[in-house]
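Have the viewer open as you read.

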Amino acid sequence: MASASASSSLVVHNNLLQFPKSPYLSFQSQFNPLRLRFPSSFFSSTTTASSTIRASSALLLDSESSTQQVQAIEEDFLACPICYETLIRKGPSGLNLSAIYRSGFKCKRCNKSYSSKDMYLDLTVASGLRDYTEVQPVRTELFRSPLVSFLYERGWRQNFNRSGFPGHDEEFNMAQEYFESAKGGRLVDVSCGSGLFSRKFAKSGTYSGVVALDFSENMLRQCYDFIKKDDILLRTNLALVRADVSRLPFSSGSVDAVHAGAALHCWPSPSNAVAEVARVLRSGGVFVGTTFLDFMPWILRPLRERIAQTRSTLTGEEIEDLCMSRGLTNYSCKIQQSFIMFSAQKP
Ligand SMILES: C[S@@+](CC[C@H](N)C(=O)[O-])C[C@H]1O[C@@H](n2cnc3c(N)ncnc32)[C@H](O)[C@@H]1O
């Protein structure tokens, strides 16, 4: 792993003005750290290799002005949600809030640009649409409401304990046990809501980077509100991304761990979602999810499907089937009343 240090004053190197206080950039970079937004014209077809941040070299950089070390993480995992091509990033590298906010992203295949709104990076397929709007199923739309997002960690989530959920701390510990083999890797907390578990994963120091991902803009805003009250979290490798679980904006095989807390019953298509989770996991990567179980006897299930236009909760057998049929292995689960925590692994 290479390392480099930054000095605190401006210097001229090879006739280029350098910005040493932005230690994420190569000396050849002409990126101006004072520029916070990136209009689409910012990406020209003349983008040079030196200005494209591909931190596959995983540089470990020292900043004189701050005591923390910043690990530049490979940028080859954020992908275009439309074509899955790796995104080109312009701006400081790193998976932390400030670096992502100050970066612009562009897909070199479909030419679409992506940028941050508030403090989250919008990587939904619909991002940038001006006239067309799409309404999602009720289970997804419910959580886009500002009120539900506000109430979620202020009583709503605690109610789950009545159905057998063991409580935040215990759920977190159980998930961490399943994620043992993903230590030091990238974790994506899909459908993170207001980031209850994303914050715990990030603060644990177990992972090189944590992505808190949700479809709800308001949940992500809540998540940011919680993060900004915590100096440690603000400095950790924790990014906020808006995306649809059925269209994950990551390269195939680029993620070490996927967590989906109390989420499967909210997804419009669990089969598409689990297929996406299986696609983005690297070989050996681990998927851990929790949800409410459906205990309806199999003989009554056809009836249930007719009554309920859209089903939400699944049985334990259905969840296992979903994971195994998407090519995941080593399925195991823990059940307590209606609560299930399941885990499966990418072979
Ligand atoms: C019950 S909350 C779970 C929040 C958190 N993971 C937890 O353990 O408490 C379900 C979340 O799923 C999200 N969600 C629903 N549909 C989604 C979709 N298509 N893509 C991504 N997230 C979705 C909602 O916005 C909501 O935040």
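## The nonpolar core

The largest nonpolar core holds 74 residues, and A239, L240, V241 and V258 have the most contacts inside it. A nonpolar core here is a set of buried Ala, Val, Leu, Ile, Met, Phe, Trp, Tyr and Cys residues joined through C-beta atoms within 7 Å. Buried means 20 or more other C-beta atoms within 10 Å of a residue's own; 12 or fewer is exposed, in between is partly exposed, and C-beta atoms are placed from the backbone. Helices (H or I, at least four residues) and strands (E, at least two) are DSSP runs numbered from the N terminus.

This is a predicted model, where local features need pLDDT of at least 70, side-chain atom pairs count only at pLDDT 80 or more, and totals for chains, interfaces and linings use all residues. Residues are numbered from 1 along each chain as its sequence is written.

Skipping neighbours within four places in sequence, V241 is in contact (C-beta atoms, placed from the backbone, within 7 Å) with Y120, L121, L123, V211, L213 and P249.

An open sheet runs in the order 6-7-8 with antiparallel pairing; strands pair if DSSP finds at least two bridges between them. Strand 6 (87-90) and strand 8 (113-114) are the edges, each pairing on one side only. Four bridges join strand 6 to strand 7 (residues 104-107), and K90 has G104 in strand 7 as its bridge partner.

## Around Q176

Q176 sits in helix 4 (residues 168-178). Why is Q176 partly exposed? Because 18 other C-beta atoms lie within 10 Å of Q176. Not counting residues up to four places away in sequence, Q176 touches S204 and T206. Q176 and V288 are 112 residues apart in sequence, yet 9.3 Å apart in space, C-alpha to C-alpha.

Methods. Two residues are in contact if their C-beta atoms, placed from the backbone, lie within 7 Å.
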